Amino acid sequence: MNKVILKGFIIVPTADLSAVKKALISHKELTRNEPGCLMFNVTQSEVNLNRFDVYEEFINKAAFDQHQVRVKNSAWGKAAANVKRHYEILE
């Protein structure tokens, strides 16, 4: 199976910024420890504090899909429910 790469950015509403930043701390750690995660980076823009650049690599689609399932019901999933996602997924 092929590696899956997700890259792009999210825009976080100002009202949710504090909760998203707090939830992001554990979200990064949990994701990086998932089986099949090769790389996971989320970086807040210095120019636009509502923008976070995202880059993820998983060993295959199954690992990526499992990550998506975990995220849906996580603290991150709840905190980031209102973010606007601008992603490209490459397989």
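Author: Let's begin with Lys61, which forms a salt bridge with Asp65 in this predicted model. The closest N and O atoms of Lys61 and Asp65 are 3.0 Å apart, inside the 4 Å limit for a salt bridge. Both residues belong to helix H2, and because they are four residues apart there, about one helical turn separates Lys61 from Asp65. How open to the outside are they? Lys61 has a relative accessibility of 35%, so it counts as partly exposed. Asp65 falls into the partly exposed class too, with a relative accessible area of 33%. To read these percentages, remember that buried means under 20% and exposed means over 50%, with partly exposed in between.

Ala62 is also found in helix H2. Its relative accessibility is 45%, so Ala62 counts as partly exposed. Now look across to Lys78: Ala62 and Lys78 are 16 residues apart in sequence, and their C-alpha atoms lie 23 Å apart in space.

Next, follow H2 to Arg70. Which residue does the side chain of Arg70 meet in a salt bridge? The partner is Glu34, with 2.4 Å from N to O. Arg70 lies in helix H2, while Glu34 sits in the loop between helix H1 (17-32) and strand E2, so this pair ties together parts that are 36 residues apart in sequence. The two partners fall into separate accessibility classes: Arg70, at 25% relative accessibility, counts as partly exposed, whereas Glu34, with a relative accessible area of 12%, is buried. The cut-off explains it, because buried means under 20%.

The count for the model comes to four salt bridges. Another of them joins the side chains of Arg51 and Asp53, at 2.9 Å from N to O. Arg51 is partly exposed at 28% relative accessibility, and Asp53 is partly exposed with a relative accessible area of 31%. Arg51 has a second contact to show you: it lies over the face of Phe9, at 3.8 Å from the ring centre.

Staying with rings, how many aromatic pairs are there? The count comes to one. That pair is Phe58 with Phe64, 5.7 Å centre to centre, and the angle between their planes is 70°. Planes over 60 degrees apart count as edge-to-face, so the pair of Phe58 and Phe64, at 70°, is edge-to-face. Both Phe58 and Phe64 are buried.

Which element gives the most to the lining of the largest pocket? H2 does, with four residues. This pocket holds about 210 Å³ of space. Its lining has 16 residues, and the closest to the pocket centre are Glu56, Val71, Trp76, Arg85 and Tyr87. The elements that give two or more residues to the lining are strand E1 (4-11), strand E2 (37-44), strand E3 (51-58), helix H2 (61-72), helix H3 (75-79) and strand E4 (84-90).

Tyr55 lies in strand E3, and its relative accessibility of 26% makes Tyr55 partly exposed. Although Tyr55 and Gly8 are 47 residues apart along the chain, 6.7 Å separates their C-alpha atoms. Glu46 lies in the loop between E2 and E3, and it is exposed, with a relative accessible area of 79%. The C-alpha atoms of Glu46 and Asn82 are separated by 21 Å, and these two residues are 36 residues apart along the chain.

Notes:
Residues are numbered from 1 along each chain as its sequence is written. This is a predicted model: local features need pLDDT of at least 70, side-chain atom pairs count only at pLDDT 80 or more; totals for chains, interfaces and linings use all residues. Side-chain values use heavy atoms; hydrogens and water are left out. On a 1 Å grid over the protein atoms alone, a cavity is a set of points where a 1.4 Å probe fits but cannot get out, and a pocket is an open set with protein on both sides within 12 Å along at least five of seven lines; lining residues have an atom within 4 Å of a point. Grid points are joined across faces, edges and corners, and a volume is the space filled by probe spheres set on the points. Rings of Phe, Tyr and Trp (its six-membered ring) pair if their centres lie within 6.5 Å; planes under 30 degrees apart count as stacked, over 60 as edge-to-face and the rest as tilted. Buried means under 20% relative accessible area, exposed over 50%, partly exposed in between (1.4 Å probe, protein chains only). A charge sits over a ring if NZ of Lys or CZ of Arg is within 6 Å of the ring centre and within 35 degrees of the ring normal.
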